[in-house]
Amino acid sequence: MSTDPLIDRLATGLRPVRRRTPWRDATILLALGAIEIVFVLKLGLMRPDMPHAMGMPSFWWKAVSLAVIAAVGGTTALLSLDPTRSPRRGLRIVGMLALAALALGWLVDVLQAGPAVLWQRLDPTHGIVCARKIVELSLPAVLALGLFARRGAPVDARGTAWAVGIAAAAFGALAFVLACPFDDPLYVAVWYSAACGVVTLVTRLVLPPLTRW
C-alpha cells in the first residue's frame, strides 16, 4: 500500500519556517531585559538612594548574583530547545550558583548586619510587595521564553520548564534591583527566593503541556 497520498495530505499547506538560532533568541531576550530596565527608569521607580547603595557590598552581591543566575539559566533554557541538548547539566550549575550566592550573602550579612531584630529585618509588609513586583517583572521573560520553547524542539520538557522559570525569575528580580530599597541579605534571601520560587514552580507546571510535540 502506497503511503504517498498520506504524505501528500500531511504536507499540504506547509510553508517553510525560519530556522531558530540561540543567538537570535538571546538577543531578543536581552532586548526585552533592556526594555524592562528602561520601563523602570521612565516610570521613576529607581530607588532614590542609588549612589549610596552602589557603595554597599550587599547591593553588588544582590545584583551580580542575579545577573549570573539569569545568564546561566537563560543560556540553559535556550540551548535546551535543541533536541540534541539536555538542560540537566545547566540546571545543576544553576543550583550550585544559587547555593554559592546564598553562602556569599551570609558572609556579607556577617560583615554589615546591624542590631535590628530578625522580624524587623524581614519586614514582611514590604517583603510581600517586593515579591509581588518581582513576579510581575518576570512575566515578560516567561512569555518570551515560553514562545521560544513552543517554536523549539525540547526533548526534556520538564527540565526546559525549570530552566525557563529560573531564568525568567532571575531576569525579573534583576530588573527590580534598580527599584528595591532593601539590601539586607536576609531580606533578599527570603523574599527574592520566595518570588523566584513561585515563578519557577508555576512555569514548571504550566509550560510542559504547552510545548509538547
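Before the helix pairs, I noted how the axes are drawn: they are lines fitted to C-alpha atoms, for helices over the stretch in contact, and the angles run from 0 to 180 degrees between N-to-C directions. I also kept in mind that this is a predicted model.

**Entry 1: H7 and H9**

I started with helix H7 (residues 124-151) and helix H9 (residues 185-210), which pack with their axes 9 Å apart at an angle of about 30 degrees. Angles under 35 degrees count as roughly parallel, so H7 is roughly parallel to H9. I then checked the handedness, and H7 and H9 cross in a right-handed way. Sorting the residues of the H7 contact with H9 by class gave me 15 nonpolar, 5 polar and 1 charged.

**Entry 2: H7 and H8**

How far apart are the axes of H7 and helix H8? I got 7 Å for H7 and helix H8 (residues 157-176), with a packing angle of about 130 degrees. H7 and H8 are therefore oblique to each other. The crossing of H7 past H8 is right-handed.

From H7 the list includes Cys 130, Lys 133, Ile 134 and Leu 137. On the H8 side I found, among them, Val 164, Phe 171, Gly 172 and Phe 176. By class, the H7 contact with H8 comes to 14 nonpolar, 2 polar and 1 charged residues.

**Entry 3: Asp 123**

I went to the loop between helix H6 (118-122) and H7, where Asp 123 lies. Asp 123 is not a glycine, yet its phi is positive, about 45 degrees. Is Asp 123 buried or exposed? Asp 123 counts as buried because its relative accessibility is 18%, and the cut-off for buried is under 20%.

**Entry 4: Lys 62**

I looked up Lys 62 next and found it in helix H4 (residues 57-79). Lys 62 counts as buried, since its relative accessibility is 2%. What does its side chain reach? I found the backbone oxygen of Phe 182 at 2.8 Å from the Lys 62 side chain. I also noted a polar contact of 2.9 Å between the side chains of Lys 62 and Asp 183. Setting aside neighbours within four places in sequence, the contacts of Lys 62 include Arg 47, Val 177, Cys 180, Val 188 and Tyr 192.

**Entry 5: Arg 47**

Arg 47 sits in the loop between helix H2 (22-42) and helix H3 (50-53). Arg 47 counts as buried because its relative accessibility is 3%. Leaving out neighbours within four places in sequence, I found Arg 47 in contact with Lys 62, Val 177, Cys 180 and Asp 183, among them. The Arg 47 list also includes Ala 53, Phe 59 and Pro 181.

I checked Val 64, which is in helix H4. Val 64 is partly exposed, with 44% relative accessible area.

Ala 71 is in helix H4. Ala 71 is partly exposed, with a relative accessible area of 44%. The C-alpha atoms of Ala 71 and Val 135 are separated by 18 Å, and the two are 64 residues apart along the chain.

Terms used
Residues numbered from 1 in each chain as written. Predicted model: local features only at pLDDT ≥ 70, side-chain atom pairs only at ≥ 80, totals over all residues. Heavy atoms only, no water. Helix = DSSP H or I, 4+ residues; strand = E, 2+ residues; numbered from the N terminus. Buried < 20%, exposed > 50% of the residue type's maximum accessible area, 1.4 Å probe, protein only. Polar contact = N/O pair within 3.5 Å; in protein donor to acceptor, adjacent residues only side chain to side chain. Contact = heavy atoms within 4.5 Å. Parallel < 35°, antiparallel > 145°, perpendicular 65-115°, else oblique. Left-handed = near helix turned anticlockwise from the far one by under 90°. Nonpolar A, V, L, I, M, F, W, Y, C, P; charged D, E, K, R; others polar.
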